[in-house]
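Thanks for coming. I have one structure to go through today, so please look at the sequence and the model first.

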Amino acid sequence: GSAKLSGKMFQDQVCIDQNKTACTQFDFLALYQAVGLDDTDGVLGLAVHPDKAKKNLSYVWQLKNKGLISKAIVSFSVAGPNMDDKSYAIFGGLNAV
């Protein structure tokens, strides 16, 4: 592509539970400038990479490959300020309610 990205690579321990027992090291690019990505989305590496050989760049695939979740899926809901619900994210499954 023709995008120009400026940022730094970082690694951090990320946990998906409050007890910090389901954790993994996650490599990510923290952008401070992105030119030419106007039609691209993705939150915290949750977007599927179009190149299957690079799917491991996804946080969800890293969790699955390290055995922390059984399926490489994530479901989430973001509640607004006037809603009674709370925001949540479920890694490896979905909200069956």
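Let me start with Ile 69 and its contacts, where contact means heavy atoms within 4.5 Å. Setting aside neighbours within four places in sequence, Ile 69 is in contact with Ile 16, Val 60, Leu 63, Lys 64, Phe 91 and Gly 92.

Before going further, the conditions. This is a predicted model, in which local features need pLDDT of at least 70, side-chain atom pairs count only at pLDDT 80 or more, and totals for chains, interfaces and linings use all residues. Residues are numbered from 1 along each chain as its sequence is written, and side-chain values use heavy atoms, with hydrogens and water left out.

Now the core. A nonpolar core here is a set of buried Ala, Val, Leu, Ile, Met, Phe, Trp, Tyr and Cys residues joined through side-chain atoms within 4.5 Å. Buried means under 20% relative accessible area, exposed means over 50%, and partly exposed is in between, with a 1.4 Å probe and protein chains only. Ile 69 belongs to the largest nonpolar core, five residues in all, together with Phe 26, Tyr 59, Val 60 and Leu 63. Helix H1, residues 59–65, gives the largest share of this core, three residues. As background, nonpolar side chains in soluble globular proteins tend to be buried together.

On to the aromatic rings. Rings of Phe, Tyr and Trp (its six-membered ring) pair if their centres lie within 6.5 Å; planes under 30 degrees apart count as stacked, over 60 as edge-to-face and the rest as tilted. How many aromatic pairs does that rule give? The count is two. In one of them, the ring centres of Phe 26 and Tyr 59 are 4.8 Å apart and the planes are at 70°, so the pair is edge-to-face. This pair links distant parts of the chain, with Phe 26 in strand S2 and Tyr 59 in helix H1, 33 residues apart. Both Phe 26 and Tyr 59 are buried. Tyr 59 also forms an edge-to-face pair with Phe 91, at 5.6 Å centre to centre and 85° between the planes. Tyr 59 lies in helix H1 and Phe 91 in strand S4, residues 88–91, so this pair ties together parts that are 32 residues apart in sequence.

Is Phe 91 buried or partly exposed? Phe 91 has a relative accessible area of 24%, so it counts as partly exposed. Tyr 59, at 1% relative accessibility, counts as buried. Phe 26, Tyr 59 and Phe 91 form one aromatic cluster. The C-alpha atom of Phe 91 is also 6.7 Å from that of Ser 75, 16 residues apart along the chain.

Finally, the chain overall. Helices (H or I, at least four residues) and strands (E, at least two) are DSSP runs, numbered from the N terminus. The protein has one helix and four strands, and the pattern along the sequence is β-β-α-β-β. Of its 97 residues, 13% count as buried. Among contacts with a separation of 6 or more, 35% are between residues 24 or more positions apart.
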